[in-house]
Amino acid sequence: MPTTISTKTLTSLTKAHETTERMTSRIRHLAATDPQIRPRQISTKAGIWQPRLLELMNPPEGDATDTEQGEIETVDAGAPIDPDVDPEAHEEEIIRLIGQDRDAWDNARTAVIAELKRRRQAVRDAEAARETAGVRVNTALAAYATKHPDFNRTQLAKECGMDRAVIFHKLAEIKAGTAPVDESLVNAETLDAEDVKRILEEDRQARLKLDKVRQERKAVLRELDEAAQRKISIPVLSEAAGLHRAWTSRFLGARRATKGDASAS
């Protein structure tokens, strides 16, 4: 199935992932070769949670990380300090790498939000069109009933290709005043069964369009979450898409509800 995410958004996400990979590789290399690096100072200056920084500096247990030279290195706590190594320069480099990663993910997050907002607007437009079409149907039925008080509802439903129960229900709502009707048009319009049929078809098309854009929004939401590798938080995604946070959490998976924003910064 072809992706429904824009090329611009995909490019931003790809760049963010690549930046994170380069940052992680370099930080682990520096941490493995320079035991003088001070995580606490880096954490404070870079504005990164210290446990997250330590996670970046140390490969997961059982997952050895290659250095830039292709060799696996480990830190020897008792190794003598190399006087030629400048730990402050390494710390500044790590801080710079973290900043670059944060910027890349800020750009990716902005692109994702813009993508979801476009889908949210498409849904809102379709909802407005559906509401307008619904009022038009009610008005058409009210006008037809006014002009033809003795009409055969079953026959009208048959001619319009509409379920008889729906016709009865709509007319009951109109009579009770619970269905929205444009009163200014009820007495002004002269409609026959063909007109009503056409208006009902317009309403059906509006409902189909609304369902389509809602499904597209869900598909894009899932694709974006997967493309971002779940590194953008549920609150950010749900707000941008115009969806309830709890629904978004259930839709994307229960484990996403507590993940939060897992980006490096």
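Me: A helix is a DSSP run of H or I with at least four residues, numbered from the N terminus; which helix gives the most to the lining of the second largest pocket?

Reply: Helix α8, spanning residues 193–227, gives the most, with 6 residues in that lining. The model is a predicted one, in which local features need pLDDT of at least 70 and side-chain atom pairs count only at pLDDT 80 or more, whereas totals for chains, interfaces and linings use all residues. Numbering starts from 1 along each chain as its sequence is written, and side-chain values use heavy atoms, with hydrogens and water left out.

Me: What makes a residue part of the lining of the second largest pocket, and which residues line that pocket?

Reply: A lining residue has an atom within 4 Å of a pocket point, the pocket being an open set on a 1 Å grid with protein on both sides within 12 Å along at least five of seven lines. The residues lining the second largest pocket are C160, G161, M162, K170, K197, L200, E201, D203, R204 and R207. By class, this lining divides into 3 nonpolar, 1 polar and 6 charged residues, where Asp, Glu, Lys and Arg count as charged and Gly as polar.

Me: Why is α8 called roughly perpendicular to α10?

Reply: The axes of α8 and α10 (residues 245–252) come within 11 Å and cross at roughly 65 degrees, and the term covers angles of 65 to 115 degrees, which makes α8 roughly perpendicular to α10. Their crossing is right-handed. Contact (heavy atoms within 4.5 Å) is made by K218, L221, R222 and D225 of α8 with W247, T248, F251 and L252 of α10, a set of 4 nonpolar, 1 polar and 3 charged residues.

Me: What makes α2 oblique to α3?

Reply: The angle between α2 (residues 39–46) and α3 (residues 50–57) is about 120 degrees, and their axes lie 9 Å apart, which makes α2 oblique to α3. This crossing is right-handed, and its contact joins P39, R40, I42 and S43 of α2 to Q50, L53, L54 and M57 of α3, with 5 nonpolar, 2 polar and 1 charged residues by class.

Note on methods: On a 1 Å grid over the protein atoms alone, a cavity is a set of points where a 1.4 Å probe fits but cannot get out, and a pocket is an open set with protein on both sides within 12 Å along at least five of seven lines; lining residues have an atom within 4 Å of a point. Helices (H or I, at least four residues) and strands (E, at least two) are DSSP runs, numbered from the N terminus. Axes are lines fitted to C-alpha atoms, for helices over the stretch in contact, and angles run from 0 to 180 degrees between N-to-C directions. Angles under 35 degrees count as roughly parallel, over 145 as roughly antiparallel, 65 to 115 as roughly perpendicular and the rest as oblique. A crossing is left-handed if the near helix is turned anticlockwise from the far one by less than a right angle, and right-handed if clockwise.
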